[in-house]
Amino acid sequence: IAGGLAVVAAFVRRQKTHPEPIVDLALFESRSFTIANFSGLAFFAGFAAMGLNNVLFLREAWGYDILTAGLLTAAAPVVVAICAPFSGRLAHRHGFRPFVVMGPLIIAGFMVLFTALFESERQPVLFLILYSILAIGVGAFIPVNTAAAMAELPADRLSVGGAVNNTFRQVGSVLGIAALVAVLGDPTGHEELVDSFHRGWYLIAGTMVLAGLTGLRQRRG
């Protein structure tokens, strides 16, 4: 970690002085771009961790096979695909901020609800319903946050801005998976196993709250 941070610091310093930098740091003079990237970093940390934590919970705590676990999580992406166009249109009318704040907070609330409802006893129908409703928060955040990142950039910086935005997503995903693995640990019994997944859901809720709070600084539209 220390080595990685040192490399990042050296990279930033080099970009400030190089006549043709890979990443134009002037992009971060845009408030909308900066907030969207750091909000996305936190969101995708939780988003990646959520996907892994939920599938592992279905497989290891509830004992489902791979196909069943996949089917129980398959409806959520469909809900995201349905919601995304509507959230984009509404954001054009009402601004970015409500969506990049409420989206993550919806997910955080459901993660806390998961810890209260799901123990060792199988409840597949309830899991499917709640996970599908939770996906509304994902559909509210992702397209709108991406639009917010690009909104203030000049046309000749859109490709670089999009690449930076995607990099923040990927780094967030890596950090989220790493944090989840650390939180899950190495439980020895079934009760400890379930508790470890509860810790994972709390971790996800925390990253989503951080994303929502960061989104409060986003401009309205």
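Ile204 is buried, with a relative accessible area of 0%. This residue lies in helix 7. The model is a predicted one.

**Helix 4 against helix 7**

- Helix 4 spans residues 97–117 and helix 7 spans residues 190–215; the two pack at an angle of about 165 degrees. Their axes are 8 Å apart.
- Helix 4 is therefore roughly antiparallel to helix 7, since angles over 145 degrees count as such.
- The crossing of the two helices is left-handed.
- On the helix 4 side, the contact is made by Arg97, Val100, Val101, Pro104, Leu105, Ile107, Ala108, Met111, Val112, Phe114 and Thr115.
- Helix 7 contributes His198, Trp201, Tyr202, Ile204, Ala205, Met208, Val209, Ala211, Gly212 and Gly215.
- By class, the residues of this contact are 16 nonpolar, 4 polar and 1 charged.

**Helix 4 on its own**

- Helix 4 has 21 residues, which should span 30 Å at 1.5 Å a residue.
- Buried positions in helix 4 are Phe99, Val100, Val101, Gly103, Pro104, Ile107, Ala108, Phe110, Met111, Phe114 and Thr115.
- The cover over these buried residues includes helix 2, helix 3 (66–94), helix 5 and helix 7.

- Ile204 touches Gly46, Ala49, Met50, Asn53 and Met111, leaving out residues up to four places away in sequence.
- Ile204 and Ala49 are 155 residues apart in sequence, yet their C-alpha atoms are 6.6 Å apart in space.
- Thr207 also belongs to helix 7. It counts as buried because its relative accessibility is 16%, and the cut-off is under 20%.
- Beyond its neighbours within four places in sequence, Thr207 is in contact with Ala42, Ala45 and Gly46.

**Helix 6: span and cover**

- Helix 6 runs over residues 158–184. Its 27 residues should span 39 Å at 1.5 Å a residue, and its end C-alpha atoms are 39 Å apart, which agrees.
- The buried residues of helix 6 are Gly161, Val164, Asn165, Phe168, Gly172, Ser173, Gly176, Leu180 and Leu184.
- Among the elements that cover them are helix 2 (31–61), helix 5 (124–150) and helix 7.
- Gly185 follows helix 6, and its phi is positive, near 65 degrees.

- Asn165 sits in helix 6. It is buried, with a relative accessible area of 6%.
- Asn165 is in contact with Asn37, Thr146, Ala149 and Met150, setting aside neighbours within four places in sequence.
- Phe168 is also placed in helix 6. Its relative accessible area is 17%, so it is buried.
- With neighbours within four places in sequence left aside, Phe168 is in contact with Phe28, Asn37, Phe38 and Leu41.
- Phe168 and Gly40 are 128 residues apart along the chain, while their C-alpha atoms are separated by 6.8 Å.

Notes. Residues numbered from 1 in each chain as written. Predicted model: local features only at pLDDT ≥ 70, side-chain atom pairs only at ≥ 80, totals over all residues. Heavy atoms only, no water. Axes fitted to C-alpha atoms, helices over the stretch in contact; angles between N-to-C directions. Helix = DSSP H or I, 4+ residues; strand = E, 2+ residues; numbered from the N terminus. Parallel < 35°, antiparallel > 145°, perpendicular 65-115°, else oblique. Left-handed = near helix turned anticlockwise from the far one by under 90°. Contact = heavy atoms within 4.5 Å. Nonpolar A, V, L, I, M, F, W, Y, C, P; charged D, E, K, R; others polar. Expected span 1.5 Å × (residues − 1). Buried < 20%, exposed > 50% of the residue type's maximum accessible area, 1.4 Å probe, protein only.
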